[in-house]
Amino acid sequence: MKKITTLLFIILVLGFTASNAQPPTIGKPPVSQVLFNQIAQLDSLLFAAYNNQDITTMKSLFSKDLEWYQDNGGLLYYDQVFKNFENILQRDSKINRTLVKGSLSVFPIKDYGAVETGEHRFCHKENGKDDCGTFKFMMLWQKKEGDWKITRVISYDH
């Protein structure tokens, strides 16, 4: 009986372990510090323009074939995205974006550009109080002839 109990215990442990086993870890591609710094600088430029309500600079960083996917807004294209930006920036309450420290990741995309992921915090005044939210984002940057443009955005966790 002791052998059967031990055998059942081993089967249960092995079955439980196998059912909860994680797939082998796949290493992340090496991130070039130069690429990271380039994308971080572009991110900073984009949101300095956003915070300063500089639509012209913002537009210069997006591709005309932009696709913007937002969990609570669906799929938007370049013209609608900038119509929305203009509406947001024209409101009385100044909205401000900051990157959450340590959240930025950048990975190369062979023969295309890079993907940037992170978290950012948006704050504005509402009824005299700060109203803030922290959200996740992913931006696909394409490099053409030395020029970087955002072609896709996924904004989520709103």
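Buried means under 20% relative accessible area, exposed over 50%, and partly exposed in between. With a relative accessible area of 25%, R152 is therefore partly exposed. The model on screen is predicted.

**Stop 1: R152 and E67**

R152 lies in strand β7 and E67 in strand β1 (residues 62-70), so the pair ties together parts 85 residues apart in sequence. The count for the model comes to 7 salt bridges.

**Stop 2: the nonpolar patch**

Stay on β7 and pick I154, which is in that strand. I154 counts as partly exposed because its relative accessibility is 35%. With I154 they form a nonpolar patch on the surface, with about 500 Å² of accessible area together. Colour β2 (74-77) and β7 (147-156): each supplies at least two residues of the patch.

**Stop 3: K136 and D157**

Next, select K136 and D157. Their side chains meet in a salt bridge, 4.0 Å from N to O. K136 lies in strand β6 (residues 129-144) and D157 in the segment after β7, so this pair ties together parts 21 residues apart in sequence. K136 is partly exposed at 31%. D157 is partly exposed too, at 44%.

**Stop 4: the disulfide**

Show C123 and C132. A disulfide joins them, S to S 2.0 Å. A search of the whole structure finds 1 disulfide. Look along the S-S bond: the link is right-handed, with 120° about that bond. Are the two cysteines buried or exposed? C123 counts as buried, at 19% relative accessibility. C132 counts as partly exposed, at 31%.

**Stop 5: K125 and D130**

K125 is partly exposed at 45%, whereas D130 counts as exposed at 55%.

**Stop 6: the aromatic cluster**

Turn to the rings. There are 11 aromatic pairs by count. Start with Y50 and F122: their ring centres are 5.8 Å apart and their planes stand at 80°, so the pair is edge-to-face. Y50 is in helix α2 (residues 33-51) and F122 in strand β5 (residues 113-126), 72 residues apart, and the pair links these distant parts of the chain. Both Y50 and F122 are buried.

Finish on F47: the charged end of R97 sits over its ring, 3.6 Å from the centre.

How values were computed: Residues numbered from 1 in each chain as written. Predicted model: local features only at pLDDT ≥ 70, side-chain atom pairs only at ≥ 80, totals over all residues. Heavy atoms only, no water. Patch = residues over 30% accessible without salt bridge, like charges linked within 9 Å, V, L, I, M, F, W, Y side chains within 5 Å. Areas by Shrake-Rupley, 256 points an atom, 1.4 Å probe, with all protein chains shown as cover. Helix = DSSP H or I, 4+ residues; strand = E, 2+ residues; numbered from the N terminus. Buried < 20%, exposed > 50% of the residue type's maximum accessible area, 1.4 Å probe, protein only. Phe/Tyr/Trp six-rings, centres within 6.5 Å; stacked < 30°, edge-to-face > 60°. Lys NZ or Arg CZ within 6 Å of the ring centre and 35° of its normal. Disulfide = S-S within 2.5 Å.
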